[in-house]
Amino acid sequence: MLSLLYQEGPSTKGIFRRSGSAKTFKELKEKLDSGTEVDLARESIFVTASLFKDFLRNIPGSILSSQLCDKWVSVLDQGNNEEKIKSIQRLIEHLPRANVVLLRYIFGVLHGIEMRSEENQMNAFNLAVCIAPSLLWPPVSSTPDIESEFIKKITSLVQFLIENCCRIFGDEITSLFGEI
């Protein structure tokens, strides 16, 4: 999924914003969940993006770890960008290795898309609005007002992560997929 999103996302207007066919999404999700092999290259990239966001939402405790939720949300309240980046890097060290590897690939894809935002209309803010709720959620449910405020904060955090991903994860995230 990430490879396809890396290849097609930068040239796709509204990637992650528009959703594909609900029927196709449901059929493919059932096939994937049952272990059936699926050729996503034959499907709409919007369905693939929807499937990927669904995959992220189903990671127990979220990819950024709901246990670290308060720390993630407070990162942007810290001093300058350098201090924020250092805090983020320290938080990343507390995540399971698999989460960190996946995050690097995710932000490699998001960076590639954001670099062509003139073409696809998906700048860092627009990408963050679409993907942030799939990356982190609070450990317990709350009121709609608190949840709305949380979404705003996590969206700002994800925007910051996208804009600074090379400094956070290293410049090599731009070449994780090699020459495609």
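Let's start with helix 6 and helix 9, whose axes come within 9 Å of each other and cross at roughly 80°. An axis here is a line fitted to C-alpha atoms, for helices over the stretch in contact, and the angle runs from 0 to 180 degrees between N-to-C directions. The two helices are therefore roughly perpendicular; that label covers 65 to 115 degrees, while under 35 counts as roughly parallel, over 145 as roughly antiparallel and the rest as oblique. And "helix" means a DSSP run of H or I with at least four residues, numbered from the N terminus, while a strand is a run of E with at least two.

Before going on, a word about the model: it is predicted, local features need pLDDT of at least 70, side-chain atom pairs count only at pLDDT 80 or more, and totals for chains, interfaces and linings use all residues. Residues are numbered from 1 along each chain as its sequence is written, and side-chain values use heavy atoms, with hydrogens and water left out.

Back to our pair. Which residues in helix 6 and helix 9 meet? From helix 6 we have Phe107, Leu110 and Glu114, and from helix 9 Val158, Leu161 and Ile162. Contact, by the way, means heavy atoms within 4.5 Å. By class, this contact has five nonpolar residues, no polar ones and one charged. For those classes, Ala, Val, Leu, Ile, Met, Phe, Trp, Tyr, Cys and Pro count as nonpolar, Asp, Glu, Lys and Arg as charged, and the others, Gly among them, as polar.

Helix 9, residues 144–163, also packs with helix 5, residues 81–92, at an angle of about 100° and with the axes 12 Å apart. That makes helix 5 roughly perpendicular to helix 9. On the helix 5 side you can find Asn81, Lys84, Ile85 and Ile88, and they meet Leu157, Phe160 and Leu161 of helix 9. This contact divides into five nonpolar, one polar and one charged residues.

While we are in helix 5, please look at Ile92, which has its place there. Is Ile92 buried or exposed? It is buried, with a relative accessible area of 10%; buried means under 20%, exposed over 50%, and partly exposed in between, using a 1.4 Å probe and protein chains only. Leaving out residues up to four places away in sequence, Ile92 touches Trp72, Val100, Ile168 and Phe169.

Helix 3 (residues 45–57) and helix 8 (residues 124–135) have axes that come within 7 Å and cross at roughly 35°. Lys53, Leu56 and Arg57 of helix 3 make the contact with Cys130, Ile131, Ser134 and Leu135 of helix 8. Sorted by class, these residues are four nonpolar, one polar and two charged. Helix 3 also holds Thr48, which is buried at a relative accessible area of 0%. Setting aside residues up to four places away in sequence, Thr48 touches Met1, Leu5 and Leu40.

Let's move to the loops. Ser62 sits in the loop between helix 3 and helix 4 (69–74) and has a positive phi of about 75°, although it is not a glycine. Ser62 counts as buried, at 2% relative accessibility.

Phe16, in the loop between helix 1 and helix 2 (22–34), is another non-glycine with a positive phi of about 75°. Phe16 is buried, with a relative accessible area of 2%.

Next, the rings. How many aromatic pairs does the structure hold? There are four, where rings of Phe, Tyr and Trp (its six-membered ring) pair if their centres lie within 6.5 Å, and planes under 30 degrees apart count as stacked, over 60 as edge-to-face and the rest as tilted. Tyr6 and Phe177 form a stacked pair, at 4.4 Å centre to centre and with 20° between the planes. Tyr6 is in helix 1 (residues 2–8) and Phe177 in the segment after helix 10 (165–169), so the pair ties together parts that are 171 residues apart in sequence. Phe177 counts as buried, at 16% relative accessibility. Ring pairs also link Tyr6, Tyr105 and Phe177 into a cluster.

Last, the record: an unreviewed UniProt entry lists residues 1–169 as "domain: Rho-GAP". UniProt positions are given in the numbering used here, feature names are shortened, and annotations may be inferred rather than shown by experiment. In the model, the end C-alpha atoms of residues 1–169 lie 21 Å apart, and the span is 66% helix and 0% strand.
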